[in-house]
Amino acid sequence: MKSARQQTLLALLARHDTLTTASLAAQLGISKETLRRDLTALQAQGKIVRHHGRARLIHTQNHDGGEPFVARLKSHYADKADIARHALAWIEEGMCLALDASSTCFHLARQLPDVPLTVFTNSQPVCQEMARRQHVRLICTGGELDRKYRCYMNPTLAPLLKALEIDLFIFSCEGVDTHGDMWDPTVHNAGFKTQLLSRAQQSLLLIDKSKFQRASDVKIGNLSAVTQMITDVRR
């Protein structure tokens, strides 16, 4: 919960140049003491600056080096489509699924049958694809659209998640390093995945061979938190 809260805090600061600690505490729904501990930890990590009751994100620690969604969709196209096809075996009618804004999850969305399901997502392309399914209940995070990644940024996901029982969270990431840590290039995408990993009953990581031995800017969590992984790497 602390990790997810801190990722949400960073997402709030990413949307504003600076915010007061009172405003942050109110938006996160936490006490000033809890906020103070979070800010102290983030400052020690070199991610924020605090000054006279305000906090500001250090943008050099959050540079956006990820590829746009359109480029990622074309990269390793056949491998991602095949990985997504294998993920279908995990899905049963009546499930509540959470899908991230990865290109691999979009491949999965295109292959999903029109059966009774609930799909929760922050992905604009997945929303558009699911809107064509008559039997799928679609729930979007809403928020500001990040056009580069075709995803919605909503720093206040907690109320939405409280109302949902997520059976399976399906996601990908920018990379997995040698320690098994998963990474993404943006705070809002990493924060979404961190929160869903802690909320879902099970999680399924879809990852092609190009993503291993790679890191990025924001850590999502460790592979130890993931229920299962589908990849094209030969073991």
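Which residues of S11 are buried on one side, and which on the other? Both faces of this strand are covered, with Asp181 and Trp183 buried on one side and Met182 and Asp184 buried on the other. Here, buried means under 20% relative accessible area, exposed means over 50%, and partly exposed lies in between, for a 1.4 Å probe and protein chains only.

The structure is a predicted model, in which local features need pLDDT of at least 70 and side-chain atom pairs count only at pLDDT 80 or more, while totals for chains, interfaces and linings use all residues. Residues are numbered from 1 along each chain as its sequence is written, and side-chain values use heavy atoms, with hydrogens and water left out.

## The sheet around S11

Strand S11 comprises residues 181-184. Helices (H or I, at least four residues) and strands (E, at least two) are DSSP runs numbered from the N terminus; two strands pair if DSSP finds at least two bridges between them. An open sheet is formed by 3 strands in the order S10-S11-S13, with antiparallel pairing. Strand S10 (175-176) and strand S13 (218-222) each have a single partner strand and stand at the edges, so one side of each is left without a neighbour in the sheet. Helix H9 (residues 187-199) packs on this sheet, where it touches S11 and S13, and its direction makes about 15 degrees with that of S13. Contact means heavy atoms within 4.5 Å; axes are lines fitted to C-alpha atoms, for helices over the stretch in contact, and angles run from 0 to 180 degrees between N-to-C directions.

S10 and S11 are joined by 2 bridges and run antiparallel. The bridge partner of Gly175 in S11 is Trp183. These two strands form a hairpin with 4 residues between them, and Gly180 in the turn has a positive phi of about 85 degrees.

On the other pairing, S11 and S13 are antiparallel over 4 bridges. Asp181 stands opposite Asn222 in S13, and Met182 stands opposite Gly221 in S13. Gly221 is buried, with a relative accessible area of 18%. Not counting residues up to four places away in sequence, Gly221 touches Gly180, Asp181 and Met182.

## The sheet of S1, S2 and S3

Another open sheet of 3 strands has the order S1-S3-S2, again with antiparallel pairing. Its edge strands are strand S1 (19-20) and strand S2 (48-51), each of which pairs on one side only. S1 and strand S3 (residues 54-57) run antiparallel and are joined by 2 bridges. Leu19 stands opposite Ala55 in S3. Helix H3 (residues 32-44) lies across S2 and S3 and runs at about 125 degrees to S2. The C-alpha atoms of Ala55 and Gly221 are separated by 24 Å, and these residues are 166 apart along the chain.

## An enclosed helix

Helix H6 (residues 103-111) has 7 buried residues among its 9, so it is largely enclosed by the rest of the structure. The buried residues in H6 are Ser103, Thr104, Cys105, Phe106, His107, Leu108 and Ala109.

## Pocket and cavity

Both kinds of space are found on a 1 Å grid over the protein atoms alone: a cavity is a set of points where a 1.4 Å probe fits but cannot get out, a pocket is an open set with protein on both sides within 12 Å along at least five of seven lines, and lining residues have an atom within 4 Å of a point. Grid points are joined across faces, edges and corners, and a volume is the space filled by probe spheres set on the points.

| Space | Volume | Residues of the lining |
|---|---|---|
| Largest pocket | about 410 Å³ | 9 nonpolar, 5 polar, 3 charged |
| Largest cavity | about 130 Å³ | 6 nonpolar, 7 polar, 1 charged |

In these counts Ala, Val, Leu, Ile, Met, Phe, Trp, Tyr, Cys and Pro are nonpolar, Asp, Glu, Lys and Arg are charged, and the others, Gly among them, are polar.

The largest pocket has a volume of about 410 Å³. Of its 17 lining residues, the closest to the centre are Met1, Arg5, Leu28, Ala158 and Gln195. Helix H1 (2-15), helix H2 (21-28), helix H8 (158-162) and H9 each supply at least two residues of this lining, and H8 gives the most, with 4 residues.

A search of the whole structure finds 2 cavities of 30 Å³ or more. Of the 14 residues that line the largest cavity, Ala11, Asn154, Pro155, Leu157 and His188 are the closest to its centre. H1, strand S8 (151-153) and H9 each supply at least two residues of the cavity lining, to which H9 gives the most, with 4 residues.
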